Amino acid sequence: MSFSRIYNVFFKRNSVFVGTIFASAFIFQAAFDSGITKWYNNHNKGKLWVDVKKSLEEGNGDDDDDDE
Amino acid sequence: MINKRCLSSTNKAQISTYKTPDFGDAVKKDKSTDKGRSYAYFMIGSLGMLSAAGGKSTVETFLGSMSASADVLAMAKVEVNLASIPEGKNAVVKWQGKPVFIRHRTAHEIEEANQVDITSLKDPQADADRVKNPSWLVMLGVCTHLGCVPIGEAGDFGGWFCPCHGSHYDISGRIRKGPAPLNLEIPTYEFQDDTLIVG
């Protein structure tokens, strides 16, 4: 029953089918991008600049700041 | 029966005498094809989605490669519409990563800049040598002391004031007081009708 509904909503009309594909491509791209970034950040935890920067600030805060 | 080629397959005459085997065991009880059909369409659609996303990325990459790269931007010129700067106002534009001050000077300010005794200056330079058109003062907004960005319409000499170490520049951008050794630098620029081109 539900499959016939899916068919009637999404697949029956080609315009709706193609439109759904393009719309989901946009969503997929954003989700894929953020997902991979999240995994990458998680995989390299402790080696990233944000972590290194934090440890530098904690370790020796007397970095000479030559901004005049 | 009749066995000729015919365009219409719904024609009764086209039904062949070939005996169809019984696929009864393989056919679903309720004869619903919706599940399999939806599955097939879903897989087709998923492939289409991946292709579309890949195509989009490819196009985006190509378009991105066409935009100006960092080395081109570093050599870029900046165009400023002078009509948008009223008299007595400053404008700051970014050129090669540095701020460029543009001041539309009033007649009084030009007079003030010319009245200064050049020999009394730390970095002697006449106002006429610093501007192409006395109405427009164009200079790099980087303090010659240690590279801060001075504040406009401030300081003891009605020009610019550097908040870092207190250098005062006059209305011609010349150093008048404070630790800076040189006047504010003048970039190469030219006027074209109503447009200023820095670079």
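Colleague: Leaving aside its sequence neighbours within four places, what is Gly152(B) in contact with?
Modeller: This is a predicted model, and in it Gly152(B) is in contact with Asn90(B), Phe101(B) and Trp160(B), once neighbours within four places in sequence are left aside.

Colleague: Where does Gly152(B) sit, in which strand?
Modeller: Gly152(B) belongs to β5 of chain B, a strand made of residues 151–152.

Colleague: Is Gly152(B) exposed or partly exposed, and why?
Modeller: Gly152(B) is partly exposed, because 17 other C-beta atoms lie within 10 Å and a residue needs 20 or more to be buried.

Colleague: OK, switching to the core. Which residues of the largest nonpolar core touch the most other members?
Modeller: That core has 18 residues, and the ones touching the most other members are Val100(B), Ile102(B), Val138(B), Met139(B), Leu196(B) and Val198(B).

Colleague: And which elements give two or more residues to this core?
Modeller: In chain B, β3 (98–104), β4 (136–140), β6 (158–162) and β10 (195–198) do.

Colleague: Take Leu196(B): what does it touch, not counting residues up to four places away?
Modeller: With those set aside, Leu196(B) touches Val80(B), Leu82(B), Ile102(B), Trp136(B), Val138(B), Tyr189(B) and Phe191(B).

Colleague: Now the two chains. How many residues of chain A are in contact with chain B?
Modeller: Chain A puts 14 residues in contact with 15 residues of chain B. On the chain A side, α1 (2–11) and α2 (14–43) each supply at least two residues.

Colleague: Which element gives the most to that side of chain A?
Modeller: α2(A) does, with 8 residues. By type, the side of chain A that touches chain B has 9 nonpolar, 4 polar and 1 charged.

Colleague: At what angle do the axes of α2(A) and α1(B) cross?
Modeller: Roughly 55°, and the axes come within 8 Å; α1(B) is residues 34–66. The two helices are therefore oblique to each other.

Colleague: Is the crossing of α2(A) and α1(B) left-handed or right-handed?
Modeller: The crossing is right-handed.

Colleague: Which residues make the contact?
Modeller: From α2(A), they are Phe17(A), Thr20(A), Ile21(A), Phe22(A), Ser24(A), Ala25(A), Phe28(A) and Gln29(A). α1(B) brings Gly45(B), Gly48(B), Met49(B), Ala52(B), Ala53(B) and Lys56(B).

Colleague: How many residues of that helix contact are nonpolar?
Modeller: 8 are nonpolar, alongside 5 polar and 1 charged.

Key: Residues are numbered from 1 along each chain as its sequence is written. Chains are lettered from A and ligands numbered from 1 in the order in which they are written. This is a predicted model: local features need pLDDT of at least 70, side-chain atom pairs count only at pLDDT 80 or more; totals for chains, interfaces and linings use all residues. A nonpolar core is a set of buried Ala, Val, Leu, Ile, Met, Phe, Trp, Tyr and Cys residues joined through C-beta atoms within 7 Å. A residue is buried if 20 or more other C-beta atoms lie within 10 Å of its own, exposed if 12 or fewer, and partly exposed in between; C-beta atoms are placed from the backbone. Helices (H or I, at least four residues) and strands (E, at least two) are DSSP runs, numbered from the N terminus. Two residues are in contact if their C-beta atoms, placed from the backbone, lie within 7 Å. Ala, Val, Leu, Ile, Met, Phe, Trp, Tyr, Cys and Pro count as nonpolar, Asp, Glu, Lys and Arg as charged, and the others, Gly among them, as polar. Axes are lines fitted to C-alpha atoms, for helices over the stretch in contact, and angles run from 0 to 180 degrees between N-to-C directions. Angles under 35 degrees count as roughly parallel, over 145 as roughly antiparallel, 65 to 115 as roughly perpendicular and the rest as oblique. A crossing is left-handed if the near helix is turned anticlockwise from the far one by less than a right angle, and right-handed if clockwise.
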